[in-house]
Amino acid sequence: MTELSTVLSDMSFLEGPRWHDGRIWVSDFYTHRVLSARADGSDLRTEAEVPQQPSGLGWLPDGRLLIVSMRDRRILRRETDGTLATHADLSGHAEHVLNDMVVDDGGGLWVGSFGFDLMNGAPRAAAPLLRVAPDGSVSVASEPLHFANGPALSGGDLVVAETFGNRMSAFAVGDDGTLGPRRDWALFGPPSAAEDPFDAIAELAVAPDGISAPDAEGAIWAADAIGNRAIRVRPGGLVDGEVSTGQVGTYACALGGDDGRTLFLCTAPGFAEHERRDTRLAQLLAVWVDVPAA
């Protein structure tokens with residue numbers, strides 16, 4: 001691996017990195033922008049402004065961008081003229097803010113939600129993944145999960161990071177987008193029983209947050225929200241690689257670059273909204289890795 005380099009700086013809190021059409025795309029929570037840039041950070045563009053806070057990103061088969069609008073619990077669609085339309089309203093299915101998302105080749109998607117008011121220290125509560133079918137219909141897709149975070153499609157499975165669950169879970173995906181029973185994809189330790197989220201954090205071995213799509217060997221890079229690092233995890237849970245980000249937290253990651261060997265890392269000194277909202281200390285970092293994206 002090479003040394004870390006800085007791609008973007010002076011951001012509030014970055015999430016949902018995706019490599020698409022030769023550019024790295026990210027959501028900046030508290031400036032309410034979806035951004036894209038070349039791999040070295042040049043040619044920075046504002047792709048959309050999302051007042052209710054953008055998060056997960058994806059694309060429909062026809063190339064239109066989908067964006068999670070967290071606070072009003074909608075999926076937005078950027079039309080060809082740049083305007084934003086409601087692709088799906090999930091407010092009747094999710095009580096708390098939406099989180100990350102993955103879109104399949106047919107235009108269906110899965111999205112998670114916090115399940116509780118994390119930023120105000122409310123007691124932890126599990127919440128299921130939601131499915132938005134290509135026709136826009138919304139359904140509950142899974143059992144309640146321990147803070148579903150980065151999802152990725154791996155072969156015939158949907159892999160989901162459960163940040164408070166000490167694990168990454170997998171579900172077989174049916175032809176109609178329905179999910180089979182949950183199974184452990186990687187188990188780092190037992191789920192915390194603590195109701196207070198900050199007590200629970202202290203009990204975790206790994207807090208998997210945003211994750212990459214699988215690499216060419218089937219491994220997935222996972223941001224460890226408590227470890228100031230990203231780890232490379234093989235199916236079954238073997239950790240055989242690590243990138244440290246030093247004294248800053250690591251909250252999401254993505255493989256990309258022209259050869260698929262650049263690991264992009266979303267970093268910030270912490271995740272608390274009252275600390276990040278009015279500061280510009282978040283960065284997008286990059287490092288070269290041996291195994292490219294699949």
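Reply: Start with pairing: two strands count as paired if DSSP finds at least two bridges between them. Keep in mind that this is a predicted model.

Me: Over how many bridges do β23 and β24 pair, and in which sense?

Reply: Strands of a sheet pair through backbone hydrogen bonds, either parallel or antiparallel. Here, β23 (residues 262-268) and β24 (residues 282-288) pair over six bridges, in the antiparallel sense. To see one of the partners, find threonine 267: its bridge partner in β24 is glutamine 283.

Me: Which order do the strands of the open sheet follow?

Reply: The sheet has four strands, in the order β1-β24-β23-β22, and the pairing is antiparallel. At its edges stand β1 (5-11) and β22 (249-256). Each has a single partner strand, so one side of each lacks a neighbour in the sheet. Ignoring direction, neighbouring strands are turned by 20° against each other on average.

Me: Next, the cysteines. How many disulfides does the structure hold?

Reply: A disulfide is a covalent bond between the sulfur atoms of two cysteines. The structure holds zero disulfides. Take cysteine 253: the nearest cysteine sulfur belongs to cysteine 266 and is 8.3 Å away. The cut-off for a disulfide is 2.5 Å between the sulfur atoms. Cysteine 266 is likewise in no disulfide, and its nearest cysteine sulfur is that of cysteine 253.

Me: Are cysteine 253 and cysteine 266 buried or exposed?

Reply: Buried means under 20% relative accessible area. Cysteine 253 is buried at 1%. Cysteine 266 is buried, with a relative accessible area of 1%.

Me: Now β19. Why is it largely enclosed by the rest of the structure?

Reply: In a regular strand the side chains alternate between the two faces of the sheet. So look at both faces. In β19 (residues 220-224), five of the five residues are buried, so the strand is largely enclosed by the rest of the structure. Ile220, Ala222 and Asp224 are buried on one side, Trp221 and Ala223 on the other.

Me: Which strands are joined to β19 by bridges?

Reply: Strand β18 (residues 208-211) is joined to β19 by two bridges, and the two run antiparallel. Proline 208 stands opposite aspartate 224 there. Strand β20 (residues 229-233) also runs antiparallel to β19, with five bridges. In that pair, tryptophan 221 stands opposite arginine 232.

Me: Which residue takes a positive phi in the hairpin of β19 and β20?

Reply: Asparagine 228 does, with phi near 50°; the hairpin has four residues between the strands. Check two further cases. Aspartate 10 has a positive phi near 60°. It is in strand β1 and counts as exposed at 56% relative accessibility. Asparagine 166 has a positive phi of about 60° although it is not a glycine. It lies in the loop between β15 (157-162) and β16 (167-172), and at 1% relative accessibility asparagine 166 is buried.

Technical notes. Residues are numbered from 1 along each chain as its sequence is written. This is a predicted model: local features need pLDDT of at least 70, side-chain atom pairs count only at pLDDT 80 or more; totals for chains, interfaces and linings use all residues. Side-chain values use heavy atoms; hydrogens and water are left out. Axes are lines fitted to C-alpha atoms, for helices over the stretch in contact, and angles run from 0 to 180 degrees between N-to-C directions. Buried means under 20% relative accessible area, exposed over 50%, partly exposed in between (1.4 Å probe, protein chains only).
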